[in-house]
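Student: Could you help me learn how to read salt bridges in a protein model? I would like the general idea and then some real cases.

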Amino acid sequence: MQDFKYFKKIISKNILFMMILVLLLVGVSERIVNLMVANDSYVLDRNKSIFRILREPENSVDIIVLGDSLGMTSISPMAWWGDYGMTGYVCGQTGQRMQEAFHMLQAAYETQSPKLVILETNMVFRCKNLSSEVKDCLGEIGYRYIPIFQGHDIWKSMLSEKQYPAENYKGFAFRCETVPYEQGEYMQKNDQKEEISKIVSFYLEKIRKLCEKNGTKLLLVSTPSPINCNYARHNSIQAYAREKGLDFLDLNLKTEEIGINWKTDSLDNGDHLNYSGADKVTRYLGNYLTQNYTFPDHRGEKTYRTWDKEYKIYEQKAVREMKVIKKAG
């Protein structure tokens, strides 16, 4: 009986210790997040969008883009601002997985009420083995509620005083290198389907339901990428979109209409687009969005003056980058 009371006492102390530890971590996490939102120079490039979306004024972003590096290098929200006054933000990460996208969207909804979420589909087929994915899912839950774990690299950066300054173009990644894609047609029509893993399907459905809960439209988009896209993947996404009643736009089937030239618009032999290709895709997509959805034109509004200033910087950068690409071509 005494042994039982002793063990009970030990267990109670351990539970109390864990509760205090969790409360401390949550408190510290909140301070770290606020610090990184104000200055993300100590944050690795991959994680900057997590903090930068929280920096945007409340309810100022109408379009959220989720996706890995394909989304980041193919879609430029600042171009939409210049053409239509639409506000968008690419909440992307290199190698972003579906569970990361879900928690990123959760974070975005804390301060934003987007009318549309665009999901770039390459990450639908980004899946490790089941055990690794389960482990990563558990890790993402921890990152979501105790963000200090996600920003553990920040401590190393602060202690070593190593910073990662980066320009901010609403999540878009400027790339001006040119390495042509020369392998020919890659979207050959067939009836094959590439399997979507159960973990990815689970989080894809959570994203869909989260959008539905918040009254947000969900648009699936496949950006041009010969290395990553094929008809089997197209068929799988198309089937899912039809089943769930979602819009799906596969730009790999519209490269001629968009005006993609694989000699000048490819960053790295058909893996990603450079700025030239991204500009074409963004403007085509912007035209599609204005024809199929309704977004306010915020140009000239007082609360969006910073967008006008940032667009001028973006435009100057775009002119410089295009000169580099044309010279390389």
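Tutor: Happy to! This is a predicted model, and it holds 15 salt bridges. To spot one, look for a side-chain nitrogen of Lys or Arg within 4 Å of a carboxyl oxygen of Asp or Glu.

Student: Which residue forms a salt bridge with Asp83?

Tutor: Arg283 does, and the closest N and O atoms are 2.5 Å apart. This pair links distant parts of the chain, since Arg283 sits in helix H11 and Asp83 in helix H4, 200 residues apart.

Student: Where do Glu212 and Arg208 lie?

Tutor: Both are in helix H8, four residues apart, which is about one turn of the helix. Glu212 is exposed at 56%, whereas Arg208 is buried at 14%.

Student: What about Asp265 and Lys280?

Tutor: Their side chains form a salt bridge, with 2.8 Å from N to O. Asp265 lies in the loop between helices H10 and H11, and Lys280 is in helix H11, 15 residues apart. Asp265 is buried, with a relative accessible area of 0%, while Lys280 is partly exposed at 25%.

Student: Which residues do salt bridges with shared partners join into one network?

Tutor: Glu205, Arg208, Glu212, Glu243 and Lys244 are joined that way.

Terms used. Residues are numbered from 1 along each chain as its sequence is written. This is a predicted model: local features need pLDDT of at least 70, side-chain atom pairs count only at pLDDT 80 or more; totals for chains, interfaces and linings use all residues. Side-chain values use heavy atoms; hydrogens and water are left out. Helices (H or I, at least four residues) and strands (E, at least two) are DSSP runs, numbered from the N terminus. Buried means under 20% relative accessible area, exposed over 50%, partly exposed in between (1.4 Å probe, protein chains only).
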